[in-house]
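Q: Hi, could you walk me through a few spots in this one? I'll hop around a bit.
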Amino acid sequence: MAQVQFFSGESVPLEMHKVRVVQKLSLLPVWERQKRIAEAGNNTFLLKNRDIFLDMLTDSGVNAMSDRQMAAMMIADDSYAGSETFFRLEQKLHEIFGMDYFLPTHQGRAAENILAETYVRPGTVIPMNFHFTTTKAHITRLGGRVEELIIDEGLITSHSHPFKGNVDLNKLRECIERNGAENIPFIRIEAGTNLIGGQPISLENIEAVSKIAHELGIILLMDASLLQDNLFFMHEREPRCKGMSIRQITRAVADQFDIIYFSARKFGFGRGGGICIRNRKDYEKMRELVTVFEGFLTYGGMSVREMEAITVGLDETMDEQIVAQGPQFIEFMVNEFIKNGVPVVTPAGGLGCHVNAREFLPHLNSHDYPAAALACAAYIAGGIRGMERGTLSEQREPDGTEPAAAVELLRLAVPRRVFTLSQIKYAIDRIVWLHRHRELIGGLRFIEEPRVLRFFFGKLEPTSDWQLRLAEQYDKDFPNSL
Ligand SMILES: *Cc1c(COP(=O)(O)O)cnc(C)c1O
């Protein structure tokens with residue numbers, strides 16, 4: 001990926017790959033879209049893929065593979081134990097992270113399960129920059145507690161801080177003092193902080209956290225699931241990283257940690273996961289859990305074909321032009337939205353573009369589920385599937401009251417290497433159109449509300465006939481276009 005200047009003066013992200021295998025998409029007419037979202041209970045998780053034009057739900061397990069990855073899958077060594085494929089992956093991880101041991105798992109949360117089983121006990125505290133849903137679930141399941149120590153700027157959606165995923169070092173010192181180092185089995189750093197909009201952490205901040213942790217003998221662990229984008233941002237935004245290659249930055253980051261785990265559904269352009277670790281004793285403890293929960297040590301629940309693809313994908317992750325693609329598309333979206341007055345999380349992060357639904361729909365309150373309503377509107381306006389990240393994703397209190405989420409976001413994920421710029425432009429155009437007609441967008445209410453993880457399976461209905469009026473307006477404005 002390269003950022004090029006057009007003769008017109010426009011700056012455009014240019015794909016440094018060509019498409020050689022394609023999947024046909026369909027774009028249904030607006031009235032069909034309006035019907036399908038109603039049938040899906042106004043929940044984008046319940047839409048069928050065949051009814052979707054641009055699937056921007058997530059970046060997990062949907063990144064495009066390269067010709068080299070596909071070729072490598074053909075030479076996968078299919079054996080239960082001692083597979084050559086495993087040794088190639090282990091060697092590649094050793095090469096980029098410099099850690100001695102590697103344990104394979106079937107995906108990221110499986111690595112979190114093994115780590116939590118190894119280190120978390122009732123009463124232990126895990127300080128971190130910010131939580132991720134599955135991470136927190138494993139820690140609390142075992143009686144541990146999470147403390148989030150992100151810098152204050154991290155939670156201000158429009159703040160321009162270049163590293164909003166940084167740890168507040170004073171909060172960290174205070175947290176350790178209050179809880180006692182002996183009650184902290186590890187400190188967790190999440191690269192490319194997912195739930196605050198794919199915002200990065202700086203190398204300088206990681207080094208400072210590492211110093212504090214290691215002076216007190218506390219293990220420092222990284223969730224590297226979104227490290228790819230974070231490496232790109234270090235290279236772009238941190239002066240000392242400008243002259244370094246992505247491979248050098250990766251090693252400088254890894255050198256600060258005792259353990260690195262990842263979801264290969266994002267990191268490595270594949271599907272799988274794993275844990276890299278320096279300490280032999282802890283490795284041996286976890287080895288037993290891997291064989292119980294995941295599979296034998298030379299596959300850990302992954303298919304050997306995926307493991308070959310990850311090995312090549314990790315090499316591609318060390319290529320500056322390749323890792324630039326996601327962030328540069330996202331930055332393009334963010335810039336276009338800002339130009340057109342659409343409120344978004346800034347600066348542009350990794351993973352996706354996050355539209356601020358609370359500001360987009362000021363006439364709705366949190367209990368009208370503005371982010372979910374905007375997700376439905378985006379589907380009606382363009383066959384675009386995004387993900388609600390707001391009040392609907394929260395759980396009710398035991399007494400039935402519903403806490404309002406701190407932020408109401410519509411996440412438009414940008415799977416790596418998947419979309420072309422004209423598709424991205426279409427998505428931008430339809431969201432800008434929605435913004436011009438934002439007063440037409442109304443709220444949603446539950447008709448079926450599951451008790452747990454209600455955002456996955458819950459069904460809702462519009463609180464008025466606003467979706468019909470939105471489709472009518474679309475028909476009027478785009479009489480000759482899908
Ligand atoms: C996706 C993700 C996970 C979980 O990985 P899965 O492969 O989906 O189980 C953990 N941490 C972060 C930061 C993630 O983005």
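Q: Which residues make the nonpolar surface patch of about 400 Å²?
A: Val 452, Leu 453, Phe 456 and Phe 457 make that patch. Keep in mind that this is a predicted model.

Q: New topic: how many residues of α4 are buried?
A: Helix α4 is mostly covered, with 10 of its 12 residues buried. Among them are Glu 112, Asn 113, Ile 114 and Tyr 119.

Q: What span should the 12 residues of α4 have, and how far apart are the end C-alpha atoms?
A: At 1.5 Å a residue, helix α4 (residues 108-119) should span 16 Å. Its end C-alpha atoms are 17 Å apart, which agrees.

Q: OK, on to Thr 346: where is its place?
A: Thr 346 is in the loop between α13 (325-339) and β11 (352-356).

Q: Why does Thr 346 count as buried?
A: Its relative accessible area is 16%, and buried means under 20%. Leaving aside residues up to four places away in sequence, Thr 346 touches Thr 157, Ser 158, His 159, Lys 164, Val 334 and Ile 338.

Q: Last one: which residues are on each side of β10?
A: Gly 273, Ile 275 and Ile 277 are on one side, Gly 274 and Cys 276 on the other, and all are buried.

Q: What stands opposite Tyr 101 in β10?
A: Ile 277 does, and Ile 277 is also the bridge partner of Ile 259. Strand β10 pairs in the antiparallel sense over five bridges with β4, and likewise over five bridges with β9.

Technical notes: Residues are numbered from 1 along each chain as its sequence is written. This is a predicted model: local features need pLDDT of at least 70, side-chain atom pairs count only at pLDDT 80 or more; totals for chains, interfaces and linings use all residues. Side-chain values use heavy atoms; hydrogens and water are left out. Patches are made of residues with over 30% relative accessible area and no salt bridge: like charges are joined within 9 Å, nonpolar side chains (Val, Leu, Ile, Met, Phe, Trp, Tyr) within 5 Å. Accessible areas come from the Shrake-Rupley method with a 1.4 Å probe; for residues, only the protein chains shown count as cover. A salt bridge is a side-chain nitrogen of Lys or Arg within 4 Å of a carboxyl oxygen of Asp or Glu. Helices (H or I, at least four residues) and strands (E, at least two) are DSSP runs, numbered from the N terminus. The expected span of a helix is 1.5 Å times one less than its number of residues. Buried means under 20% relative accessible area, exposed over 50%, partly exposed in between (1.4 Å probe, protein chains only). Contact means heavy atoms within 4.5 Å. Two strands pair if DSSP finds at least two bridges between them.
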